[in-house]
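Morning, everyone. Let's get the model up on the screen.

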Amino acid sequence: MFFCWGDSSRGQLAFPVTEGNGITTPTSVNFNEQLVQISCGEQHTLFLTVSGQVLSCGRNSKGQLGRSKSRDTKLPVKIDGLGAVAAVACGQDHSLALCDSGQVFSWGAGGEGQLGHNNLVAKCPKPVPLVIPLPVQIPVVQVACGNFHSLALTKGGEVYSWGQNKYGQLGLGKSVELQPVPALVRSLVGVPVIQIYAGGAHTLALALPAQVFCCGANSVGQLGLNRTDVKGRFAVCAVPALRNLGVSSISCGAAHTAVLTKAGEVYTFGEGAHGQLGHNSTNNELLPRKVEGFDGPAKQITCGSHHTLVLMPSGILFTFGRDVQARASGDTENSLQPVKLEGDWSNTGAGIQAEMKISSGYSSNFLFFPHCKTSVLGEPIGKLEEAQVQRWVTMLESERSIKEIKREIALTFATSSNLVACFIKNRNTAGTIQVDLNAASQTFDQLLKIPWIKNSVNITHVVDILLFAAPVMRCPEIFLLLPICSILHEPHNVIRLVLPLAVAIKDLNETALKSLKEYYSSMDASIMTKYICMWKQALAFLLKSNMWLHYNPGVKAVLEVLKLLYRGNKRAEKSRKVPLSEFYIEEIGTTPNLLEEDATLWKLIKWGLEQEVDQTPAIFCRYPFLLDLTSKISIFKYIANLTQMAHQFVHNNAVAGGVFREMCNWQVPTPILQLKVRRTALLEDTFRQLNNADHVNFKKALVVQFVEDSRLTEVNKRDFFLHTFNELLAPKSEMFMYNDKERQTMIWFPAKPTHELKQYFLFGILCGLALYNSNIVHMPFPLALFKKLVNVKPTLEDMIEFIPVTGKSLHCILHEYSDDVVDDLNIPFCVHWDGADVELESHGIGKSVTSENKKQYVEAYVDYALNKSVEQVFNEFKRGFYKVCDEDVVNLFQPEELRGVMAGTEEYDWDTFRENTAYAGQYHQRHPTIVAFWEVFEELTHEEKKAFLLFLTGCDRVPILGMEQVRMTVLDRPKFTQDHLPESLTCHSHFMLPQYENKQRLKEKLIEALNHNRGFWIEDTTTG
């Protein structure tokens, strides 16, 4: 039994005898078959029985009833050739049937491609199977029809569409006017869709967790986007207004939409001209609006073309919209708000304690009592529960049901949508799709360590589809899940899975990529580490196997993904950051000739000497965060040496009368930058000569000659830089301000310099020369200086480093003091800096710091102290520095690294220093003199040990790469007497130690040497 009412002009109500064109009140019809579903088109109806048969009645002008005879039928007649059917759907004049096998059949009108048969036909009277391009063993589980378009949803959560796309209802974009065969809706790849709905020319999809997506006609707001689109909405998008309503089901009319929430509330939007929205108005609604007037939560909703039905759990039925009053009470007015539809279905034998369902077509309606039948096809995969995981991991491969379990596992991980669904986060309220990455990581680790489970998982299809869908994907969560799957961490999957995945990420549209970036900056450090590891391992594998040049697009894409991760990590909260060293790829530095070739290509392109094309290899120098410090230093030195060699080549060529002789105006350019200075006037001579030098010479090899000693040695450079910087940084130079007048531990540029700006330009050149010529110098600047050199903005942390008291006070104002305390402090909105008070806001004189402007105050304070107050001075310094050094190359370094390379560190590791010491001549590790030396060395104070390092190398600071870089060789001197002092050859770290008669004499002579003229006793005039 079922009840029907509405338009029956073509027999679509299956009512044997009718007078006129309709049934005005719900009328019972005895039906011999037990029904599972009723679906209505414009003027035809399909009945699905519990046995899987499909019967049809109504209009048949387009073959929509599924039989050859074109005449209409008032009584339902079975459709042959379908087999066991699980679900049916009706469009305006076409029909779909989904069989238990997962096969989809279509028939009826096909002129707009809605049948999916490739060949457009006006009508197709018999069911024909569709070819939907599905992966193996992923069945269709739901079908839906609009007026001229069709939809299918697979168990993998993927949506296919075909038919008319005049208003964008297929979700395939503007380029598709009509789609004759089923096509994947790429925009919804990775979205865990669980239900699909089709209106007249609009489409909606419900996804976990209660997220709604839409496309198609929106001329009257039927998509709920708070806007109209006269030509339609061609790009699939989310419906923000439904995000937090907890939607459980949707129904679509010709141009309106009704939504039922989990709480039983009904919302409608779209066309309201006939009252079909139920808001006591004929206005259109652009946003979902709650329908009032029900006596409790609703159970089911359904939309006809221009009316809406709402079924309550009690069996009470409400209706509103076009002609519903006429159908119920005989008049001809529309109902603008919910009206109870009277009927005796609740009192009939069939209706007592039975499940009820409602269905509507264009103007036809049914209420029936469906037989409870579970579809063999099931539903799209939902969240993966722990119980299911445990069932899998505890199962033995030898068990009988193992084949079914393997299929279950394969299907669970077969599509992007399924993977996202498995790990969707539990939320009290619906919202943007998010996945539980920690749960996913644990589950993958737990499952994939079991061989038979791992062999059941094949994500090749997932990656292939992502590569195809990425440019239009709406939700990028799948890209968060795959990198934590151990399958992608295996070398044999690099080429087949990892590189295509990287290309897919690179091809993501701007919106999806923005979401992905936000995720990257908010994930836990443990997950970020797994991500980095996967991409690093892929590059390392290709480099070690020497295959990276053969997969250029993939390698470039991997580098871009790593850049996204690096930037995400930079934006992350401190507790979530991973160390920068996690990004280092050692193989870049250890692959033979790679750094040199890479740096050369990088610079040739920069200099415009080589054009970059698609085939140009990936350039690792563009991704300095992947380079460890050793590699960066190697590149810096290589570029410097390359430049110096070029100048030497030009010199040699000009000397030989080559082409450069004419290009240099018949002059022979010098291959070096020579400074001849007096020790007694070191700064004066240095600055004068640097000021007069041709700037091009700064990039040439530096040679220093002291007037007092005409020999040219490498030692001279170390001696020169040591003394020059000592004099420059001394208080009497008056070039800098100090953080503490008494201790003077750190310096900064003055706000009101007493020297000409040119002096700071020359100081910049001098610092550049020290770096360019690999000389560590003492530069007690805060990290802010090195940040500014590589265009990183100084922060409050830099102020804390430079002036701890001031910096910590600002930190307290910003983070520790309560708002009341800040307001009561009455701090003026100004800064006392370098002996002067400065207003931080020119238009805010007399302004005080408050809880509302404290952040602005702290930022302005730091900005003034470290930027504005020294802008001119620093710019001159920077200009001079980059007259020598290549700015692109310097920018390879992090600020901390640049400081370490230029100024060294104070991380003294004397144990390593001793372990790396070599011995020559008669000396060896157990020689009595050597034993005595190390005993004496251990007894030295820390300052005396630093003095020994200065004595040995010409610098008392440790290279940034550590004490490992300082390798002393101890040599004996048989001709030395007991009165001789130890000597050193600093350019080779050679230490000449006489064989003293006892430990006491050794100690006395060593300390005397350390106190005597720094130890430049012997100079190597042959190799120095």
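I'll go through domains, then surface patches, then backbone geometry.

This is a predicted model: local features need pLDDT of at least 70, side-chain atom pairs count only at pLDDT 80 or more, and totals for chains, interfaces and linings use all residues. Residues are numbered from 1 along each chain as its sequence is written, and side-chain values use heavy atoms, with hydrogens and water left out.

Domains. There is domain 1 (2-368), domain 2 (386-583), domain 3 (584-657) and domain 4 (910-1012). The bounds come from an automatic or database assignment. Over C-alpha atoms, the centres of domain 1 and domain 4 are 91 Å apart.

Now the patches. Members have over 30% relative accessible area and no salt bridge; like charges are joined within 9 Å, nonpolar side chains within 5 Å. A salt bridge means a Lys or Arg side-chain nitrogen within 4 Å of an Asp or Glu carboxyl oxygen. Areas are Shrake-Rupley, 1.4 Å probe.

D820, D823, D824 and E852 make a negative patch. D824 sits in helix α23 (residues 819-825); helices are DSSP runs, H or I, of at least four residues, and strands are E runs of at least two. Y817, V821 and L825 make a nonpolar patch, with about 240 Å² accessible together. L825 is in helix α23 too.

Backbone next. Most residues other than glycine have a negative phi, and most peptide bonds are trans. L208 and P209 are joined by a cis bond, omega about -10°. P209 is in the loop between β16 (202-207) and β17 (211-218). N593, not a glycine, has a positive phi of about 65°. N593 lies between α13 (586-590) and α14 (594-606), in the loop.

Methods:
Lys, Arg positive; Asp, Glu negative; His and termini not counted. Charge placed at Lys NZ, Arg CZ, Asp CG, Glu CD.
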